[in-house]
Amino acid sequence: MAETHKLELPVIDLSSPDRISTANSIRRACVEYGFFYLVNHGVEVELFGRVFGESRKFFSLPLEEKTKLARREHRGYSALYDENLNPSSSSKGDSKESFYVGPLEGETRNLNQWPSQEVLPSWRSTMELYYEKVMSSGKKLISLIALALNLDEDYFETLGALDAPAAFLRLLHYPGNVASSDEETYGASAHSDYGMITLLATDGVPGLQVCRDKTKHPWIWEEVPNKNGAFIVNIGDMMERWTNCLFRSTFHRVMSVGQERYSVAFFLDPNEDCLVKCLESCCSESCPPRFPPIRSGDYLTERIRHTYGSY
């Protein structure tokens with residue numbers, strides 16, 4: 001991987017009693033970077049270790065075993081090169097495999113697929129516990145984001161955005177021994193996330209890079225170092241749309257570094273029926289809404305369809 005500048009991202013302490021100061025720090029981070037570290041978030045280091053351990057066990061299974069849980073209804077296993085986040089940069093697809101876990105409650109909970117307990121006895125219970133813990137952290141963060149947008153801290157809850165949210169856990173494995181080819185290999189090609197916010201945990205192996213200004217060409221990439229015990233949080237396109245582009249949904253990618261890499265992403269998005277329209281605190285006569293209102297589920301479905309070709 002070519003030498004890149006290491007980015008010094010802001011650190012947000014979720015346990016700080018000074019909520020106003022924390023909200024102001026989040027606002028600066030989201031305006032300037034679209035990324036920040038989140039510490040003291042309530043997810044124990046021991047649980048991170050268990051999640052990464054179970055993830056390794058699953059991705060180490062024979063392909064035949066993994067494809068028994070092939071992705072359906074955006075749940076389950078996606079093999080290497082199934083996804084191409086940026087077709088203009090790579091014709092082959094992204095060199096990663098993944099596993100999606102969708103909402104654990106509500107009408108769609110039975111759509112989830114789980115490895116056999118005979119094969120991986122602790123897998124489901126570990127992922128469900130992690131899902132619930134990160135969901136709790138994410139909801140606390142959303143209340144601070146509301147304050148950062150000069151809204152009541154329970155704004156998104158009152159709106160109903162967090163009633164049965166469309167939250168997905170995604171386990172990711174980037175193999176270290178990707179076959180060489182004439183084109184540059186990406187673990188995940190340049191993209192922005194689709195939804196509200198993403199909380200990412202990594203195993204410490206480098207590769208994550210961000211481009212703070214996607215309007216400038218050529219893009220300038222900066223490395224995001226791992227911070228032990230911290231989530232790397234980023235704003236998604238839906239939140240950028242909600243805030244009338246005040247908060248930035250930053251381009252990022254994962255470069256192949258010749259080393260096996262694992263990460264776990266938690267995408268916290270509003271429930272499917274939530275209407276996403278410009279927040280009053282983010283528009284004015286001189287800065288009118290840039291996007292029409294749209295139902296959250298319709299927006300996300302269209303973005304996912306575009307990524308996978310069919311949904």
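I started with helix H1. The buried residues of H1 pack against strand S2 (11–13), strand S3 (35–39), helix H4 (123–148) and strand S11 (231–235). Contact here means heavy atoms within 4.5 Å. Buried means under 20% relative accessible area, exposed over 50%, and partly exposed in between, with a 1.4 Å probe and protein chains only. Helices (H or I, at least four residues) and strands (E, at least two) are DSSP runs, numbered from the N terminus.

I noted the ground rules next. This is a predicted model, in which local features need pLDDT of at least 70 and side-chain atom pairs count only at pLDDT 80 or more, while totals for chains, interfaces and linings use all residues. Residues are numbered from 1 along each chain as its sequence is written, and side-chain values use heavy atoms, with hydrogens and water left out.

**Entry 1: helix H1**

Which residues of H1 are buried? I found Thr22, Ala23, Ile26, Ala29 and Cys30. They cover an arc of only 120° around the axis, which puts them on the same side of H1. The arc is that of the directions from the helix axis to the C-beta atoms. I then checked the length of H1, residues 19–32. Its 14 residues reach 20 Å from the first C-alpha to the last, close to the 20 Å expected at 1.5 Å a residue. The expected span is 1.5 Å times one less than the number of residues. Gly34 follows H1, and its phi is positive, near 75°.

**Entry 2: helix H2**

I moved on to H2, residues 45–59. At 1.5 Å a residue, its 15 residues should span 21 Å; the end C-alpha atoms are 21 Å apart, which agrees. Its buried residues are Leu47, Phe48, Val51, Phe52, Glu54, Ser55, Phe58 and Phe59. Seen down the axis of H2, they fall within an arc of 165°, so they line one face of the helix. On the other side of H2, I found Val45 and Glu46 exposed.

I picked out Val51, which sits in H2. Val51 counts as buried at 1% relative accessibility. What does Val51 touch, not counting residues up to four places away in sequence? I listed Thr126, Met127, Tyr130, Leu171 and Val264. I also looked back along the chain to Val31. Val51 and Val31 are 20 residues apart along the chain, and their C-alpha atoms are separated by 32 Å.

Then I looked at Ser60, in the loop between H2 and H3. Is Ser60 buried or exposed? Ser60 is exposed, with a relative accessible area of 57%. From Ser60 to Tyr33 I counted 27 residues in sequence and 35 Å in space, C-alpha to C-alpha.

**Entry 3: a pocket and a cavity**

I needed the terms first. On a 1 Å grid over the protein atoms alone, a cavity is a set of points where a 1.4 Å probe fits but cannot get out; a pocket is an open set with protein on both sides within 12 Å along at least five of seven lines; lining residues have an atom within 4 Å of a point. Grid points are joined across faces, edges and corners, and a volume is the space filled by probe spheres set on the points.

The second largest pocket has a volume of about 200 Å³. It is lined by 13 residues, of which Phe48, Phe52, Thr202, Asp203 and Gly229 lie nearest its centre. Which element gives the most to this lining? H2 does, with four residues. Strand S8 (197–202), like H2, supplies at least two. I sorted the lining of this pocket into five nonpolar, six polar and two charged residues. In this scheme Ala, Val, Leu, Ile, Met, Phe, Trp, Tyr, Cys and Pro count as nonpolar, Asp, Glu, Lys and Arg as charged, and the others, Gly among them, as polar.

How many cavities of 30 Å³ or more does the structure hold? I noted three. The second largest cavity has a volume of about 50 Å³. Its lining includes Tyr174, Pro175, Met255 and Arg261. By class, that lining has six nonpolar, five polar and one charged residues.

**Entry 4: backbone angles**

Most residues other than glycine have a negative phi, and most peptide bonds are trans. I looked for exceptions.

- His74 has a positive phi of about 60° although it is not a glycine. His74 is in the loop between helix H3 (63–66) and strand S4 (76–78), and counts as buried at 7% relative accessibility.
- Asn244 has a positive phi near 60°. Asn244 lies in the loop between helix H6 (237–242) and strand S12 (251–255), and counts as buried at 4% relative accessibility.
- The peptide bond from His217 to Pro218 is cis, with omega near 0°. I placed Pro218 in the loop between strand S9 (208–211) and strand S10 (222–223).
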